[in-house]
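Dear colleague,

I am handing over the structure we spoke about, with the sequence alongside. Please look through it first; my notes follow below.

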Amino acid sequence: MMEQFEEEQQLSDQSDLLTGSQDQVEDEEKPSQGQEGNSGDEWDTDLETDSATDQKQSQSRAELYLQACQRTGSVPVSSFLRNLGDTNLNLNHYGVGPLGTKALAFVLQTDTTITNLELEENSLGPEGTRYLTEMLQTNITIQSLNLSNNQLGQEGAYTISKMLSENYYVKSLKLSGNDFDDAAAKYFADALKGDYVIKELDLSHNMFSFTGGQHLGHMLAANVGIEVLNLSWNPLRLGGAMAVSAGLKVNSTLKQLDLSWNAFGQMEAESLGQALKNNRTLVLLDLSGNHVDDQAVTLLCQGLITNGTLGVLKLSQNPLTNIGALTLLKTVQKNMESALEEIDISTVFVNEEFVELLEEARQKRPALDVRHSAMSYVTRNLSALQILRKFLSERNESIMDFFEALDKEGTTKVSTSDFRKAVKAANIPLDQQQLEWLLRKFDKNCTSTIMYRSVCDGVSRNILYLIFTMQT
């Protein structure tokens with residue numbers, strides 16, 4: 001009899017997820033909420049009767065789930081039934097809803113298999129979130145949870161923050177697109193200050209701005225666990241953005257920070273530059289789609305000139321020009337300790353000077369990959385040297401031979417006018433624009449004279465890179 005009582009008591013405790021524990025949550029201080037359609041419905045207790053208790057241990061999870069769906073009046077999700085036993089449960093976009101979540105949570109509270117739970121875009125709302133967080137009080141297996149795009153709002157943020165303060169197993173949490181505002185940011189910040197459990201946090205596509213950024217910045221300064229933080233598509237700017245940078249400055253665990261599609265401009269870029277002077281852990285920074293112009297890049301470079309850990313910098317979809325691109329590349333070139341290997345400025349149209357500077361940088365750092373754009377005339381001009389060399393090679397001549405034939409007196413100098421005439425006379429297939437570019441390259445000081453020995457030395461060093469550039 002005692003053993004039967006203990007079994008009944010254990011199974012009865014599981015029902016707290018859907019009955020008594022809900023009352024406890026509602027008694028705590030939380031933001032005001034409107035009337036919810038089904039939030040007041042209690043779990044149908046005939047699922048927990050003594051006769052049912054005797055059968056539970058022999059019931060499969062599928063049977064439990066189907067019975068729970070019947071009691072809640074929710075439609076079973078076939079994907080759950082098909083993938084029983086898998087560690088990854090992906091129910092994204094299935095329209096689960098609050099009551100479907102209630103049935104799912106009842107089964108998952110004692111599950112020991114699933115480690116990744118995906119519930120994106122299922123209209124969970126605060127009610128469904130409450131069922132999940134109650135489930136996580138007993139489930140110790142789930143490590144990754146995706147609740148993106150579920151209209152959680154401020155109340156949902158409060159519920160999740162309570163879970164974060166008590167759960168020691170969930171390490172990855174995705175909460176993108178849940179209408180979280182600055183007040184919601186405070187809930188998360190308070191829960192994550194000093195936290196070491198959460199390693200990956202996605203708060204993108206929300207509404208954090210001034211005070212929200214301040215709360216998150218203070219959290220970053222005190223947090224000792226987060227390694228990947230996504231704050232993209234939030235209107236972070238001014239004080240909010242600068243607070244995030246201040247938090248980054250002293251943070252010692254963050255490795256990847258996504259700030260794309262916010263409102264970082266010159267002031268915000270300057271604060272990030274100051275953070276990069278001190279930060280020694282960040283390896284990826286995404287600033288795509290902000291307001292980073294040439295001046296903002298100059299301010300950002302104040303940190304890049306000394307930073308030795310950042311390996312990836314993304315700056316596409318910003319109002320950058322070739323001037324800012326050159327400033328960035330020169331900074332990387334000057335910093336001998338720079339770890340940058342990938343720079344994305346793919347929406348910036350660069351000129352020949354940039355490509356040549358990149359050539360020099362890659363001779364010292366072969367792994368450096370700078371994604372950029374170039375107008376067709378830039379590509380055509382850069383091919384001029386290759387065309388000249390190929391033409392002369394077919395005549396068993398070098399560029400040095402070509403210049404020496406023009407230098408009758410052996411002065412190692414040739415006038416630009418003589419070079420222009422010789423190219424045309426030899427019918428070298430260069431158009432006028434390519435020829436003029438070659439003259440500017442050979443006579444960089446505009447003296448109308450080409451010191452051809454230094455020119456030929458440069459050609460021999462760089463021609464292979466130029467060929468590679470044209471091919472790619």
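How many helices and how many strands does the protein chain have? In this predicted model, the chain has 21 helices and 13 strands, and of its 472 residues 52% count as buried. Among the contacts with a separation of 6 or more, 83% are between residues 24 or more positions apart. The accessible surface comes to about 21500 Å², and carbon and sulfur atoms account for 48% of that surface.

On the aromatic side chains, the count comes to nine aromatic pairs. One of them joins Phe403 and Phe442 edge-to-face, with 5.9 Å centre to centre and 70 degrees between the planes; since Phe403 lies in helix 18 (residues 399-406) and Phe442 in helix 20 (residues 432-442), the pair ties together parts that are 39 residues apart in sequence. Phe442 also forms an edge-to-face pair with Phe419, at 5.6 Å centre to centre and 80 degrees between the planes, and this pair links helix 19 (residues 416-425) with helix 20, the two residues being 23 apart. Phe419 counts as buried because its relative accessibility is 0%, and Phe442 is buried as well, with a relative accessible area of 7%. Together with Phe402, the residues Phe403, Phe419 and Phe442 form one aromatic cluster.

Definitions and conventions:
Residues are numbered from 1 along each chain as its sequence is written. Side-chain values use heavy atoms; hydrogens and water are left out. Helices (H or I, at least four residues) and strands (E, at least two) are DSSP runs, numbered from the N terminus. Buried means under 20% relative accessible area, exposed over 50%, partly exposed in between (1.4 Å probe, protein chains only). Contact means heavy atoms within 4.5 Å. Accessible areas come from the Shrake-Rupley method with a 1.4 Å probe; for residues, only the protein chains shown count as cover. Rings of Phe, Tyr and Trp (its six-membered ring) pair if their centres lie within 6.5 Å; planes under 30 degrees apart count as stacked, over 60 as edge-to-face and the rest as tilted.
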